[in-house]
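Try each task before reading its solution.

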Amino acid sequence: MPTTAQLTAFAAACDASETATVALLAGHHRVVNGPQPPPFSSCGYAEEAEARRQREEDARPWLAEPELDWSEQQRRDEEEADCQRWVRDVEDHLDELQDDNEQAQHPGPPAGAGDGTDGVLAVRLRAARGQ
């Protein structure tokens, strides 16, 4: 890479005009120092990210969700609510099955056993039957 002094000497040897010499030195300065960084802005990063997201979205239109009219959006919302209800019902049913399975594997004492109420329950059952 030539130095500024070498470029100035080259421009003089070529009998370049002052405008050409200034342009040559300005180009040399840009090459040596790189481009000027953009001024810092607190929103600059967010704006750049949004612009990048928009470019990517424009490049892949099949990923964008289509705009729905009011009735289509209502139908989609209802379908989503139905699906969520179905998921809750299935989860509840699975919980019940799991509880039943656990009770079958580890049965507890019968209701009223050992707490002194088994005799009272038998008396009430006989009274209800008319015995």
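**Exercise 1: a pair in helix α3**

Task: How many residues apart are Glu50 and Arg53 in helix α3?

Solution. Glu50 and Arg53 are three residues apart in helix α3 (residues 44-59), so about one helical turn separates them. Helices here are DSSP runs of H or I with at least four residues, numbered from the N terminus. The two side chains form a salt bridge, 2.5 Å from N to O. A salt bridge needs a side-chain nitrogen of Lys or Arg within 4 Å of a carboxyl oxygen of Asp or Glu.

This is a predicted model: local features need pLDDT of at least 70, side-chain atom pairs count only at pLDDT 80 or more, and totals for chains, interfaces and linings use all residues. Residues are numbered from 1 along each chain as its sequence is written, and side-chain values use heavy atoms, leaving out hydrogens and water.

Glu50 has 41% relative accessibility and is partly exposed. Arg53, at 38%, is partly exposed. Partly exposed lies between buried (under 20% relative accessible area) and exposed (over 50%), with a 1.4 Å probe and protein chains only.

**Exercise 2: a pair in helix α4**

Task: Which helix holds both Arg75 and Glu79?

Solution. Both lie in helix α4 (residues 70-105). They sit four residues apart, about one turn of the helix. Arg75 is partly exposed at 46%. Glu79 is partly exposed at 44%.

**Exercise 3: the partner of Arg55**

Task: With which residue does Arg55 form a salt bridge?

Solution. The partner is Glu48, with the closest N and O atoms 3.6 Å apart. Arg55 is partly exposed at 47%, and Glu48 is partly exposed at 37%. The structure holds four salt bridges.

Definitions and conventions:
Helices (H or I, at least four residues) and strands (E, at least two) are DSSP runs, numbered from the N terminus.
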